[in-house]
Amino acid sequence: MPEIQEECGVFGVCGSGEDVARIAFFGLFSLQHRGQESAGIAVSDGEKIRMHRDMGLVTQVFQEEHLQKLRGHIAVAHTRYSTTGASILRNVQPMLCDCELGPIAVAHNGDLINAAQIRSEMRNSGIEFETTSDSEVILKLLAASCECNIEDAITDVMTKIKGAYAVLIMTQNKLIGIRDPFGIRPLCIGRLNSSHYVLASETCALNTVGAHFIREVEPGEMIILTPEGMEERQAIPTQGHALCIFEYVYFARPDSRMYGKSVHETRRRMGHELAREHPAPGAHMVFPIPNTGTPAAIGFAEASRIPYGEGVIKNHYIHRTFIQPDQRMRDLGVRMKLSPLKEALSGRRVVMIDDSIVRGTTIGQQIKMIREAGAAEVHVRISSPPYKHPCFYGIDTANQNELIAAKLSVEEIRQYIGADSLGYLSLNGLVRAIGVKKDKLCCACLDGKYPVEVPKQAKLSKFVFEEPASVK
Ligand code: AMP
């Protein structure tokens, strides 16, 4: 079975007397952008853990009757998008098991780089796996741990697993959040009222459930929530900070904050930097590919004094599982998702802003559509640098040979996508816009410096040309 890669959102709440399933549902709903393929909530009532999970969007998976049945005082929730065709129900999270420590539910965001190795070692010692998910590796390691309390068992697991993880673990009476020693994937803590807490991938989920942001979980840290309150401990040593830079570029919701920086504001500043680095003199209008291109387009328009406008309208009701993975359906998918505004485009020189070009398949179709709608010139500006290196830490971006910037120069990409001009934001410009020191960010997809060394076997699965040697 192929390994699956996961982009996910996690949410957990601990609070006696609260309708924790409903709070988890709202939290998950606001993390929907982190994964649209499946959703699940597990709830503990102090004895039993009950769970409902299925394929689909959060609102498709959960009806009132499901929430009614999920009674208890702790909940853990997960929304997931995986890349392979093997996106089957048994990979859906949270994952549950019964072990010596009692029932445990796990929800995981990120990719472990040594999951395959651990899985094969455990298989050799007779442990069976039902899924292809990294998260099951965490669950099975926990279940196999010889430690006699959950905190020590988790610490033990953290010393074994490598890579990116923001994980929520629920037992009968505890909700525990951990973050990998580099803090690659985000996780934050919020206070719901005086004694109840939540943990979430992004701060936007705290706002939705009415929780106040306390702080981010630190790299290598463990947060233990019980009905009595919160305990914090450094489970394993921090190895620095390396938050995924793509959270700022594309992944996070603009109303979230990371390292205290508003994602929307950082994207707007990316637009400022982009306008300075790659101006488009003489253009009539700047427009975004919505929604992720929107803040950068606003910023570009502000800095360049070219009027901001709408060039395409997005259909918000489409989501990616409706798009079949063949080229004809992908072409149709672009037209279902975006529709050009002829009146805004006709006869005009336009600047089109998007956050990134990954495979380079969608942008060419978009430019064609913009030209067909009558645009005289299409100048493309991208608010991140060329995406050249595959991610091993939980972002779904293909093998190296599928990454267009790994194969073609900027000029070749311009010709391939059919733009009149093409400008990418530099890495320095991007980091300046974020306003965080570069050594606190993982920029591996952009500069090939992988903070956690990737095992050879995993590298072979994604590197087709040459592998970058340098490690941060
Ligand atoms: P493409 O170049 O055709 O692979 O698509 C690039 C587009 O996908 C950009 O407009 C991004 O907004 C979006 N994108 C970037 N990263 C991801 C990702 N990890 N998963 C899904 N979409 C992404």
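I sorted the shell around the ligand by class: five residues are nonpolar, six polar and six charged. For this, Ala, Val, Leu, Ile, Met, Phe, Trp, Tyr, Cys and Pro count as nonpolar, Asp, Glu, Lys and Arg as charged, and the others, Gly among them, as polar. The model is predicted, with local features needing pLDDT of at least 70 and side-chain atom pairs pLDDT 80 or more, while totals for chains, interfaces and linings use all residues. Residues are numbered from 1 along each chain, and side-chain values use heavy atoms, without hydrogens and water.

I listed 17 residues around the ligand (a heavy atom within 4 Å); D354, D355, R359, G360 and T362 are the closest.

I then checked polar contacts (N or O pairs within 3.5 Å). Ligand oxygen atoms lie 2.6 Å from a polar side-chain atom of D355 and 2.7 Å from a side-chain N or O atom of T362. The protein buries 86% of the 500 Å² that the ligand exposes when taken alone (Shrake-Rupley, 1.4 Å probe). Helices α8 (245-251) and α13 each give two or more residues to the shell; helices are DSSP runs of H or I, at least four residues, and strands runs of E, at least two.

Next I looked at the sheet. It is open and parallel, in the order β17-β20-β21-β22, where pairing takes at least two DSSP bridges. Strands β17 (285-288) and β22 (421-424) are at the edges with a single partner each, so one side of each lacks a neighbour in the sheet. Six bridges join β20 to β21, and D354 has I382 as its bridge partner in β21.

Key. A polar contact is a pair of N or O atoms within 3.5 Å; within protein, one must be able to donate a hydrogen and the other to accept it, and residues adjacent in sequence count only if both atoms are side-chain atoms.
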